[in-house]
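Hello,

I am passing a structure on to you, as promised. Please have a look at it first, and then read on for what turned up.

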Amino acid sequence: MTEMEYTKLGSTGLDVSRLCLGCMNFGSGAEWMMNDREAGVDLIREALDAGVNFLDTANIYSQGESEEIVGEAIEGYDRDELVVATKVYGDVGEGPNKSGLSRKHVLDQVEASLDRLGTEYIDLYQIHRWDEGTDVEETLSALNRLVETGKVRYIGASTTTAYRFTKALYTSDVEGYERFACMQPEYNAVDRHEEANLLPVCEGEGVGVIPWSPLAGGFLTGKYERDADPEEGLRADADQYTRDRFTEENWAVLDEIRGVADEIDATPVQVSLAWLLA
């Protein structure tokens, strides 16, 4: 078995496994998710035992169930060696203050996430989306406070425009706030729009990149076929966003990936992730 490789998170001194386990699928938020809680815990622990030390979840994944499962899974492991990441922004209930990136919502939600994760601190706290209704200075001030009080070690962002992300970085520089250490964009062999948007910013600013949907919602696993409807229970059967990837251009990319996989006796998953890592 190949030993896990580790790398620094952006320009920080934090060592993370090159493979991060995304935890959105743990919980009962959708039929295609891993609804068996015990099986979810077992899978996370299998990843940890294989050398993965980086787990990424969010407060809205199955309305907190994912964080609870992650918290249960990491019990008994060396917390100092784990990098637990979660996110804030999404709607967690009814009412005008149950979403967004206001100081109130950020400070409320970090406490809720800490409780569900069963930990005293979060290694990487990320804004899940951009909040157009809140000044970025307010959000950065709140996040900076969390770092200063030790509840959060590093901060990150996900899915925004290059302009907004650059503005946030420079605002941190000017105001002396904690800087975003990483960006989590959608990026894989068929979703490559960020090559002209966020990736050049990240490279120029020394920001780490931790892509979401590295297998294009399962499309790049090779489990779907060009001329067949998705099997019941699979994500593309119920999720139009994933089904929209079924274009001739994307099938052509998958054909090439399958061809490489056959040549080197690998799977489409391995080839897709190797491409992304490279």
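**The cavity and what surrounds it**

Leu101, Ile127, Trp130, Asp131, Thr134, Val136 and Thr139 line the largest cavity. Please keep in mind that this is a predicted model. The lining is made up of four nonpolar residues, two polar ones and one charged. How much space lies in the largest cavity? About 50 Å³. A search of the whole structure for cavities of 30 Å³ or more finds one.

Some of these lining residues also belong to the elements described next. Ile127 is one of the residues lining the cavity, and strand 6 covers residues 122–127. Val136 and Thr139 are in the lining too, while helix 4 spans residues 136–148.

Seven strands build an open sheet with parallel pairing, and their order is 3-4-5-6-7-8-9. At its edges are strand 3 (21–22) and strand 9 (208–209), each of which pairs on one side only. Helix 3 (residues 103–117) packs on the sheet, where it touches strand 5 (83–88), strand 6 and strand 7. The direction of helix 3 makes about 135 degrees with that of strand 6. Helix 4 lies across strand 6, strand 7 and strand 8, and runs at about 150 degrees to strand 7.

Strand 7 (residues 152–158) and strand 8 (residues 180–184) run parallel and are joined by four bridges. In this part of the sheet, Ala157 stands opposite Met183 in strand 8.

Finally, the record: an unreviewed UniProt entry lists residues 18–277 as "domain: NADP-dependent oxidoreductase". That span is 41% helix and 12% strand, and its end C-alpha atoms lie 8 Å apart.

Best wishes

Notes:
Residues are numbered from 1 along each chain as its sequence is written. This is a predicted model: local features need pLDDT of at least 70, side-chain atom pairs count only at pLDDT 80 or more; totals for chains, interfaces and linings use all residues. Side-chain values use heavy atoms; hydrogens and water are left out. On a 1 Å grid over the protein atoms alone, a cavity is a set of points where a 1.4 Å probe fits but cannot get out, and a pocket is an open set with protein on both sides within 12 Å along at least five of seven lines; lining residues have an atom within 4 Å of a point. Grid points are joined across faces, edges and corners, and a volume is the space filled by probe spheres set on the points. Ala, Val, Leu, Ile, Met, Phe, Trp, Tyr, Cys and Pro count as nonpolar, Asp, Glu, Lys and Arg as charged, and the others, Gly among them, as polar. Two strands pair if DSSP finds at least two bridges between them. Helices (H or I, at least four residues) and strands (E, at least two) are DSSP runs, numbered from the N terminus. Contact means heavy atoms within 4.5 Å. Axes are lines fitted to C-alpha atoms, for helices over the stretch in contact, and angles run from 0 to 180 degrees between N-to-C directions. UniProt positions are given in the numbering used here, feature names are shortened, and annotations may be inferred rather than shown by experiment.
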